[in-house]
Amino acid sequence: PRAPLMDSIAQDLRYAVRALRKNPGFTAIAVLTLALGIGANTAVFSVVRSVLQRPLPFPEDERLAVVWHRAPVFNVEEFHSSPPEYVEYRNQSRSWKQLAAFRISAATVTGDDNEPERVQVAFTTWHLFPALGIEPLVGRSFTADEDQEGLDGVAVLSHAFWMTRYGGDPRVIGRTVLLDGRPRTVVGVMPGEFRFPTPGVRVWLPLAITPRQLYGRGNHSLSIVGRLRPGVTLASAETELAALTTRRAGDGSDVHTWHPPYLRSLRTEIVGDVSRTLWVMLGAVALVLVIA
């Protein structure tokens, strides 16, 4: 019957309250222990949810992947791509909707009314912004024509750099600034949530791969990120790239400069080994709560 059960619960609660009143020290310790257990679980769960469960700030982020290479001969498990490898993958692979290459560098900004400033820049092919599915907040990104040697005098600013150096002035579009003494025309400003490839990047510039660089197979300086076509899996895309590499290695090229590629989802690339650590921490604090 429901009534006797409720009476029993009420009696238990009254007894518990009387017992706690008689032992205020024990009561304080019990409350503090429970508060610490609940607080720790809440904090760690919030971190796990924000890092592991929330989607990346890109549309259909499950189709985004990065390309790495291995060098079994040198016992190296992970390193970057060379310009000819990137161009080979971009032109020959059918698994990708867009495939972009980039490298991070630094430059000194001058040519305006502010003090010279050393900033982090990303040299990238024009495919980066379409691949990630992000449009500039103001202006535009650079075009395929501008991603060529001699035509690459443009720049796209980060939202943070736009606000701190130019006060959020929309008239910065079309303005010429100097990066390491070279004039660049500002053509766009990215949204505040766009922080790729690192939160510290303040300016994006065209990579402008030159014909000479296509012969530099030992220059592994480029990172590759792309958006897979609908229905294409990481495994199938990796198999296709591996076939291209094998074919290139068999055409008389130096096999040591064409290394086996492998793919990793962009989410895994960003989260990395932190996921396992976070789940272990969540389990640990959950055990603490049970003990409490």
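Trainee: What should I know before looking?
Mentor: Residues are numbered from 1 along each chain as its sequence is written, and side-chain values use heavy atoms, with hydrogens and water left out. The model is predicted, and local features need pLDDT of at least 70, side-chain atom pairs count only at pLDDT 80 or more, and totals for chains, interfaces and linings use all residues.

Trainee: How many salt bridges are there?
Mentor: The count comes to 9 salt bridges, each being a side-chain nitrogen of Lys or Arg within 4 Å of a carboxyl oxygen of Asp or Glu.

Trainee: Which residue does Arg264 form a salt bridge with?
Mentor: Glu78, with the closest N and O atoms 2.5 Å apart. The pair links distant parts of the chain, 186 residues apart: Arg264 is in strand 11 (residues 261–265) and Glu78 in strand 2 (residues 76–79). Strands (E, at least two residues) and helices (H or I, at least four) are DSSP runs, numbered from the N terminus.

Trainee: Which residues are in the network?
Mentor: Salt bridges link Glu78, Arg264 and Glu269.

Trainee: And Arg63, buried or exposed?
Mentor: Buried, at a relative accessible area of 12%. Buried means under 20%, exposed over 50%, and partly exposed in between (1.4 Å probe, protein chains only). Arg63 forms a salt bridge with Glu60, at 2.9 Å between the closest N and O atoms. Glu60 is partly exposed, at 45%.

Trainee: New topic. Where is Ile9?
Mentor: In helix 1 (residues 2–22). Ile9 is partly exposed, at 39%.
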